[in-house]
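Dear colleague,

Please find below the structure that I am handing over to you. My notes on what was found in it follow directly after.

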Amino acid sequence: MRQDDGGQPADDRPEDQEHARARLAQLTTAIEHMRQGLCMYDEQGRLVLSNRAYATALGLHPGELRPGITGREVLAAMRAKGFQAHLPPAEREEQLSRMLRGGDGGESNLERADGQTFAIRHCRTDQGHWIATYEDVTHSLSVQRRTATELKESEERFRLAVEVAGLGVWDYDTLLVSRKWSGRLREIFGLEDAIEPSLDTALALVHADDRAAFLRQLQTIRDDAACARFEASVRIHRASDGQLRWITMNGWKTFKADCPMGRIIMTARDVTDEKLAEERILWSAAHDALTGLANRSCFQAELQLALQTASQEAEAVGLLLLDIDRFKQINDTLGHDAGDRLLEVFAARLRAAVRSEDTVARIGGDEFAVILRQVSSRHDVAGLANCILERLVKPFTHNGAVLDCRASIGAALFPAHGRSAVELMKHADLALYASKAAGRGTSMLFDPAMKSQVRRRDLMIRRARDALDGDRVLPYYQPKVDLRTGAVIGLEALLRWRSRHGRVGEPGALGYAFEDLEVANALSDRMIARVIADLRCWLAGGVAVDHVAVNASAAEFRRDDFAERVLDRLARAGIAARHFEIEVTETVFVGRGAENVQRALDLLSREGVRIALDHFGTGYASLRHLKQFPVDTIKIDRSFVRDMDENVGDEAIIRAVINLGRALGIKVVAEGIERGAQADRLVGLDCDLGQGFLFSKAVPSSRVPALLACKSLMARAPSDRPVGQGLRLVAS
């Protein structure tokens, strides 16, 4: 013991003892106010010190933990309060006793009945004392347990998501250089479980064309610190059956604090079915479903590309536009199955007739196009077009019907006939129009002179619109004459129009206007309205008119209410239906709107309107139409009458038609009679009625009453009288 100068031990001095007591009091106070429970037992297991938090952890009152109490007495006090029932089953009394009495250092948990949990950390000192701390870890354990539960649930959700998505997992640990493949990944690869995962095994399955790119992506994500993920689509040959499959792979790189990369996780999914579906969708978007040819949108893209390439290479490109001749007649008379079969055969022959570098497309109903690449001159284009026509002309049989694939072709050459796709298409279309006008089954190369025809067409449409706007469309009337008596038994209304200067024009000057649906309908509506107005005026004035015939075009029947409109106008004008006759040509039976013709003609006929079949013998399936539709009159086309006295064939046809009409109870009218000899011969053939310049030209409505007042256009002059002179009018 250290002594001071007076020989007394320093620690025995009053001031030092007081100082030691103060420090002990401070230490005791600090221990008492600790949040952690603290206790110390000596080597005999007696309590040396403890604090309030320790008593609270054991569920005891601080006064029950007096110094000197043994660990077993503490245990007995805890038992008295039923604390042993609150211990985990695996610990019970032995566990608690070990903690209270001492033992090796370590950590344990003490769980109370109220759900609080204390972490116990204990150790022995060199002097054999046992020290323990008790810390309330209820909240932290709850957080840990919740976190562990959530982690487990998250892992389960991920596992289920991977299974549902059909994903195979490739786990590569870069530090351990180990790979793990999931069962689904092995299924995708077609590998057995016994095969060890390796990069070489996987690469051997990848398609040769995709292997290098895939390997580069793997190396990039492994070596490039900035690359954290990748995505790739590759083809593989499945190991089990060699089948080609499309695989989409996604890879992610994970990092660790002490190294640039820890692992690479990749997922693989078999997307073969999706790829095939996508390819089918893309193919369908660019191809015609019936013929398999490129469609209009694909054709336009290919044409733009061909012209761009040709411009860069200073080459020429040919463009062919094709229409199947008389397709609508075949489609409408033999059925859509025949029309579809014709399109299929036509497409196959067209594809076979061109070169491999050319593009063939179906751009409309019966409209096709061919892009001819790398042609050197207009002669190449013309030669290829003629070659196509030769390949198409051979007929084929469908359901017993003989069909042919003849077509009309319009051609244009880049850059000679246009430097843009729009201009080239326009000029090829003009050539196609000229080809059809030349008699079909031919090919025409664009010529600048064709533009004048387009200008003429536009002029005729403008002329017709102007006449309609100025209310200058009017009917002229030509009589139909009984060839035996010369009596006028009816009239045909023929369209005329008056110019702004008062000149009366023929319908031929408006010819192209009838190809415009809107204008054609307007002209027809105006004619019918004018004829009904004239009829009403004549009948009201006591003029004896039997009937007036008006031509109805195919355009009229495209509107399904044609019959209703005619009957309504007659009713509002107070005119009996028997005074009105509708003349139709056989084109209305086979064109667009043909499905409306039967109903319209049946309705008109039931109400008393007469039906005449004009230009008989020049159309399509005439005899069938006589049987199918309600026909009161057939008109022999002027082309047969014109040469009947010189062509025995024409006379034979006329005789056959007259006999057919007599057998069916149908009146027969011969059109275009211009010479007396023609009239005489028609009388000899027993023809009922005649019409033509021989009797009268078409006259305006103001001259009709005088014409009808004649008893007869009689006493035909000698057969050599001049054309158009007409017969003498004999007053009634």
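Lys-635 stands opposite Val-669 in strand 25. This is a predicted model, in which local features need pLDDT of at least 70 and side-chain atom pairs count only at pLDDT 80 or more, while totals for chains, interfaces and linings use all residues. Residues are numbered from 1 along each chain as its sequence is written, and side-chain values use heavy atoms, with hydrogens and water left out.

Strand 24 pairs with strand 25 (residues 667–670) in the parallel sense over four bridges; two strands count as paired if DSSP finds at least two bridges between them. Helices (H or I, at least four residues) and strands (E, at least two) are DSSP runs, numbered from the N terminus. Strand 24 is also joined to strand 23 (residues 610–616), by three bridges and again in parallel. Within that pairing, Leu-613 has Ile-634 of strand 24 as its bridge partner.

In a regular strand the side chains alternate between the two faces of the sheet. In strand 24 (residues 633–636), Thr-633 and Lys-635 point one way and Ile-634 and Ile-636 the other, and all are buried. Here buried means under 20% relative accessible area, exposed means over 50%, and partly exposed lies in between (1.4 Å probe, protein chains only).

**A buried lysine**

Which residue of strand 18 deserves a note for its relative accessible area of 2%? Lys-480 is found in strand 18 (residues 473–482), and Lys-480 is buried, with a relative accessible area of 2%. Leaving aside residues up to four places away in sequence, the contacts of Lys-480 include Glu-581, Glu-583, His-547, Gln-691 and Val-669. Contact means heavy atoms within 4.5 Å.

**The antiparallel sheet**

Strands of a sheet pair through backbone hydrogen bonds, either parallel or antiparallel.

Strand 1 (residues 37–41) is joined to strand 5 (residues 130–136) by five bridges, and the two run antiparallel. Gly-37 has Tyr-134 of strand 5 as its bridge partner, and Cys-39 stands opposite Ala-132 in strand 5. Strand 1 also pairs with strand 2 in the antiparallel sense, over three bridges, and there Cys-39 stands opposite Ser-50. Strand 1 and strand 2 form a hairpin with five residues between them, and Gly-45 in the turn has a positive phi of about 85°.

How many of the five residues of strand 1 are buried? Five of the five are, so strand 1 is largely enclosed by the rest of the structure. Gly-37, Cys-39 and Tyr-41 lie on one side, and Leu-38 and Met-40 on the other.

**The mixed sheet and its helix**

A second open sheet to note has five strands in the order 12-13-11-16-17, with mixed pairing. Strand 12 (359–362) and strand 17 (443–445) are at the edges with a single partner strand each, so one side of each is left without a neighbour in the sheet. On average, neighbouring strands of this sheet are turned by 20° against each other, direction ignored.

Strand 16 (residues 407–414) and strand 17 run parallel and are joined by three bridges; Ile-409 has Ser-443 as its bridge partner in strand 17. Helix 14 (residues 421–437) lies across strand 11 (316–324), strand 16 and strand 17, at about 145° to strand 16. Axes are lines fitted to C-alpha atoms, for helices over the stretch in contact, and angles run from 0 to 180 degrees between N-to-C directions.

**The chain as a whole**

The chain has 24 helices and 29 strands. Buried residues make up 44% of its 732 residues. Among contacts between residues at least 6 apart in sequence, 57% join residues at least 24 apart. The accessible surface comes to about 37,800 Å², with 51% belonging to carbon and sulfur atoms; accessible areas come from the Shrake-Rupley method with a 1.4 Å probe, and for residues only the protein chains shown count as cover.

Yours sincerely
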